[in-house]
Amino acid sequence: MQGLELKLKERLQKLLDDGTVDCVIGWTKGEFIYDVTPAIFTKESGLDGFVYNSFCGANLSKYLVSQITSDKKFAVILKPCDTYSMNQLITEHRVNRENIYIIGVGCSGHIDIDKVKAQGVSGITNVIDNDNNIIINSIYGDSKIEKASVLLSKCQSCKGSELKISDEIIGEGIKTPTCDERFDGVKKLEAMTAEERFAFWKSELSKCIRCNACRNICPACTCRTCVFDNARSNVAAKANATEFEEKMFHIIRAFHVAGRCTDCGECSRVCPQSIPLHLLNRKFIKDINEFYGDYQAGEESNQRNPLVNFTESDIEATVISDKEGK
Amino acid sequence: MLKIGVFVCWCGSNIAATVDVKQVVEAVKLQQGVVFATDYQYMCSEAGQLIMRNAIEEYKLDGVVICSCSPRMHEATFRKNAERAGLNPFMVEIANIREHCSWIHKDVEEGTIKAIALANAAIAKVKLNAPLISGESGVTKRALVIGGGIAGIQTALDIAEAGFQVDIVEKSPTIGGNMAKLDKTFPTLDCSACILTPKMVDAAANPNIELLTYSEVEKVSGFVGNFKATIRKKARYINTDLCTGCGDCMSKCPSKKGKNEFNCGLNNRPAIYIPFAQAIPNVAVIDPVQCIKITKDKCGLCQTVCSAKAIDYKQQDEIIEREYGAIVAATGYKPIKLDKFDEYGYSQSKDVITSLELERLMNAAGPTGGKLVKPSDGSHPHTITFIQCVGSRDISGRGKCYCSKICCMYTAKHAMLIRDKYPDVNVNVFYIDVRTPGKNYDEFYRRAVEEYNVNYIKGQVGKVYESDGHLVLQASDLLNNEQILVNSDMVVLATAIEADESAKKVASMLTASIDTNNFLTEAHAKLRPVESPTAGIFLSGVCQGPKDIPETVSQASACAAKVIGLLSKAKLVTNPCVAHSDELLCNGCSNCANVCPYGAIGYETKLINDHGIRENRRVAVVNPALCQGCGACTVACPSGAMDLFGFSNSQIMAEVEAICKK
């Protein structure tokens with residue numbers, strides 16, 4: 001991993017120097033090795049503080065949405081799972097592909113610091129991640145932990161090591177060994193009675209503090225003005241009529257991203273209340289797969305998701321794509 | 001504060017028997033804004049409409065709610081009435097308490113509660129209505145008829161007679177369709193060609209009609225009065241202006257192994273051919289797959305023998321773009337494939353044929369010159385057995401669930417014609433039911449039974465197999481309650497008909513709805529039977545559902561009347577209930593354009609001033625002339641930027657809230 005950081009830094013510096021890009025979207029180091037933050041580096045600022053390590057799990061594609069009207073060129077570092085989001089954003093015209101230089105990085109899974117700490121390790125100073133086991137240096141000495149046990153939840157249902165879109169690839173990746181089937185959690189929910197399921201979601205969603213972190217990180221949630229911020233939408237800025245109404249936020253959000261959600265898992269990753277939000281989206285993905293055949297949002301750019309696609313083989317094929325408006 | 005008037009219709013006993021209309025009136029009076037409410041036996045009558053007009057004037061109503069039948073029935077009536085009283089017609093809302101309520105409930109209490117809920121929803125909606133003004137658009141005085149069978153020909157002739165220009169686009173090399181293949185027609189037994197071919201000639205000779213045969217419509221855009229169609233004129237490899245139809249090329253062509261489509265494949269035709277003697281246009285066409293010159297660049301005999309120099313092996317498809325005011329679908333039908341009905345032995349025995357093949361075998365211009373012989377050996381048959389409902393009224397899923405409607409009559413016709421010409425031939429008919437309603441139809445069927453002694457057996461055939469040089473039918477005779485074996489020399493299958501395979505594509509292009517059987521759907525099954533739900537698209541003939549010739553011709557003429565009505569208008573009033581996009585909210589994501597069935601949504605990069613932030617953004621733009629107000633875009637839009645005049649998101653939410661409120 002340390003080698004990869006050097007390679008990236010070297011390449012990015014070159015891209016900035018030769019003018020291929022004006023800015024770089026990457027990560028900057030924090031106080032500890034594990035508190036890295038997405039950051040924009042410019043030619044002027046240089047790559048000081050640039051970091052790429054086992055804790056760079058965040059999906060950077062969304063940061064490009066706010067740059068759509070910028071005339072600057074951006075380099076962005078995307079992991080294989082992030083490239084699905086990039087394709088989806090290109091499909092929906094929410095990023096300007098011409099101004100983006102995609103550096104795909106090989107990935108072998110990223111680490112959830114909370115899972116490391118839960119194993120009783122503290123005072124962490126460095127992490128060496130080159131193997132199935134990671135070595136953690138701490139002020140109390142070194143310890144060895146099995147990597148699979150501390151992976152981010154989203155890495156535990158890894159989509160694979162293939163980069164779906166990139167301008168160049170740095171480093172080699174492997175598909176993280178998945179420890180559970182993608183739809184196991186959904187199946188468990190489906191097996192519940194309606195009352196049990198309602199109780200489950202009521203209990204989970206009642207933890208929500210409406211910090212909007214899930215919405216802000218979500219690469220599918222790119223509306224200029226979210227319906228929840230639009231006073232005229234009838235769902236924002238009003239007192240809750242019932243105890244459950246607040247929870248509608250998550251249900252409406254899941255509907256809005258249905259067919260567009262790439263299952264990047266960022267919503268659950270950033271939730272400070274650890275609500276398993278990805279289960280709502282995965283339920284939609286599973287249903288869509290069952291209704292219309294397997295579909296992966298972001299598999300490629302400019303694909304049509306089944307909810308907005310019409311073909312001549314549809315039962316009522318009155319809506320087909322070959323129209324003037326595109 | 002808006003002043004709302006509510007008018008509750010009894011619809012005679014249609015509503016009043018299941019809904020306590022007085023109670024509805026009392027309930028709606030409690031709603032905020034309702035200043036007047038009343039009930040009347042027939043709101044749509046002149047007296048009822050007068051009550052509404054008087055109330056609008058007396059109470060200075062801003063909005064009106066009519067609790068009555070479906071808006072598809074009388075919305076236009078009440079809107080017009082509101083206009084007469086000086087109210088904007090789009091300030092009228094209908095609460096459908098008939099189809100959605102009284103007709104489906106039995107209990108008065110329940111029915112009344114629901115009627116009140118529906119009325120309250122309409123009141124909540126009308127409060128958010130805004131006056132809308134209809135626009136105007138022009139009409140191109142030309143019609144397109146897709147399909148050149150009897151339906152298309154009749155529609156085109158009627159439109160042309162009224163003085164408008166019509167193009168018939170026919171995918172095969174000649175017009176005439178299925179009717180041209182028939183021998184005689186029921187119930188009068190006159191020769192099909194004798195009544196059809198003069199019409200074909202009329203169509204060709206009419207200066208207002210242009211025939212585009214061997215052509216297909218590829219793309220249609222636009223809207224009522226202003227359609228634009230792209231038509232592909234397939235290469236015939238013949239210069240149609242030069243070809244005299246002499247037929248010399250046909251006799252010289254060495255590649256003679258093509259299936260003669262006109263004779264249902266019962267004999268062969270050369271690679272260069274005229275479909276049949278009376279074909280219109282009477283010019284040759286080359287089958288490019290079969291032609292040795294085109295496939296292998298050898299031969300070229302036809303070119304040498306053609307004295308008119310009409311043959312052009314290098315001819316290319318031609319693309320034509322035309323504008324039309326109205327489009328008629330007349331795509332017709334075809335018999336279903338019998339590959340799922342192995343029990344009848346169609347694929348095993350040459351002597352098992354379909355009814356359409358029998359038409360050709362009995363036709364004087366057919367492969368046998370009209371002499372009825374067994375296709376297997378050319379010998380004279382002694383017994384012929386008909387099986388009805390082959391694939392019709394089928395609930396096994398192999399065939400069609402519907403009745404093909406024409407088979408009972410044509411089977412009686414075939415039976416009678418055979419018995420008349422060959423009295424020595426015994427004729428059996430297996431049937432489920434004999435259905436012969438229609439003028440002189442049942443008399444026709446009875447003649448077959450009573451005068452011609454056709455042996456009708458109620459029952460279905462389970463199996464047809466060959467044994468000792470003849471066919472054996474294993475069947476049940478339901479009236480005698482016994483299993484029987486019937487020997488027969490030939491078996492004729494009354495094969496179900498289905499919509500032509502082009503129907504689905506045509507429907508898609510025209511954004512006309514089709515049902516699960518691929519028949520085009522009418523705008524209203526009873527009241528608008530020749531119009532599709534899409535304005536400016538009309539239906540003629542079997543593309544709408546199984547029909548015989550008299551019915552097809554009546555419908556074709558009815559369809560022409562509707563087209564003429566449309567083309568006669570100087571201007572069309574456009575529907576103001578169209579979508580519009582809030583540019584400040586639009587993400588430019590294309591979801592709306594993807595779901596728009598009318599191609600009404602495009603994108604523009606525009607300079608947007610968003611509360612002081614000026615930037616170029618990709619935003620959706622609705623073409624109000626193309627938009628039909630279906631609302632698909634409004635639900636697909638994640639940010640709520642798309643909204644529909646007359647059916648806004650907030651109006652629909654208000655309706656839902658009113659219904660859910662206890």
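## A walk through chains A and B

Start with chain B, whose secondary structure comes to 19 helices and 34 strands. The model is predicted. The C-alpha trace of chain B spans about 90 × 65 × 40 Å along its principal axes. Of the 662 residues in chain B, 55% are buried. Now look at the contacts in chain B with a separation of 6 or more: 69% of them come from residues 24 or more positions apart.

**Stop 1: two strands in chain B.** Select Arg322(B) and Asp167(B). They form a salt bridge, with the closest N and O atoms 2.6 Å apart. Arg322(B) sits in strand β17 (residues 318-324) and Asp167(B) in strand β7 (residues 165-170), so trace the chain between them: the pair links distant parts, 155 residues apart. Is Asp167(B) buried or exposed? Asp167(B) counts as buried, because its relative accessibility is 0%.

**Stop 2: two helices in chain B.** Select Glu359(B) and Lys413(B). This is another salt bridge, with the closest N and O atoms 2.7 Å apart. Glu359(B) belongs to helix α12 (residues 355-362) and Lys413(B) to helix α13 (residues 407-421), so the pair ties together parts that are 54 residues apart in sequence. Glu359(B) is buried, with a relative accessible area of 4%. Lys413(B) is buried too, at 2% relative accessibility.

**Stop 3: the A–B interface.** Show both chains. The contact takes 33 residues from chain A and 38 from chain B. Together the chains bury about 2900 Å², with 51% of that area on carbon and sulfur atoms. How many salt bridges are there between chain A and chain B? The count is two. For one of them, select Glu615(B) and Arg224(A), whose closest N and O atoms are 4.0 Å apart. The interface also has nine residue pairs in polar contact. On the chain A side, the residues touching chain B divide into nine nonpolar, 11 polar and 13 charged.

Next, select Asn591(B), which lies in helix α17 (residues 591-595) of chain B. Asn591(B) counts as buried, because its relative accessibility is 7%. Beyond its neighbours within four places in sequence, Asn591(B) is in contact with Arg260(A) and Val308(A) from chain A, and with Tyr603(B), Ala636(B) and Pro638(B) from chain B.

**Stop 4: the domains of chain A.** Colour chain A in two parts: domain 1 (2-112 + 151-308) and domain 2 (113-150). Their C-alpha centres lie 25 Å apart. In the contact, 14 residues of domain 1 meet 15 residues of domain 2. The two domains bury about 1300 Å² between them, 49% of it on carbon and sulfur atoms. Select Tyr34(A), Asp112(A) and Leu151(A): they supply 41% of the area that domain 1 buries against domain 2, more than any other three residues. Between the domains there are zero salt bridges, but nine residue pairs are in polar contact. By class, the domain 1 side has six nonpolar, seven polar and one charged residues.

**Stop 5: charged pairs in chain A.** Select Arg11(A) and Glu168(A), whose side chains meet in a salt bridge (2.8 Å, N to O). Arg11(A) lies in helix α1 (residues 2-17) and Glu168(A) in strand β8 (residues 168-170), so the pair ties together parts that are 157 residues apart in sequence. Arg11(A) is partly exposed, at 24% relative accessibility, whereas Glu168(A) is buried, at 17%.

Finish on Glu190(A), Lys283(A), Lys286(A), Asp287(A) and Glu290(A), which are linked in a network of salt bridges. Over all chains, the count comes to 53 salt bridges.

Methods
Residues numbered from 1 in each chain as written. Chains lettered and ligands numbered in written order. Predicted model: local features only at pLDDT ≥ 70, side-chain atom pairs only at ≥ 80, totals over all residues. Heavy atoms only, no water. Domains from an automatic or database assignment. Contact = heavy atoms within 4.5 Å. Buried area = accessible area lost by both parts, 1.4 Å probe. Polar contact = N/O pair within 3.5 Å; in protein donor to acceptor, adjacent residues only side chain to side chain. Nonpolar A, V, L, I, M, F, W, Y, C, P; charged D, E, K, R; others polar. Helix = DSSP H or I, 4+ residues; strand = E, 2+ residues; numbered from the N terminus. Buried < 20%, exposed > 50% of the residue type's maximum accessible area, 1.4 Å probe, protein only.
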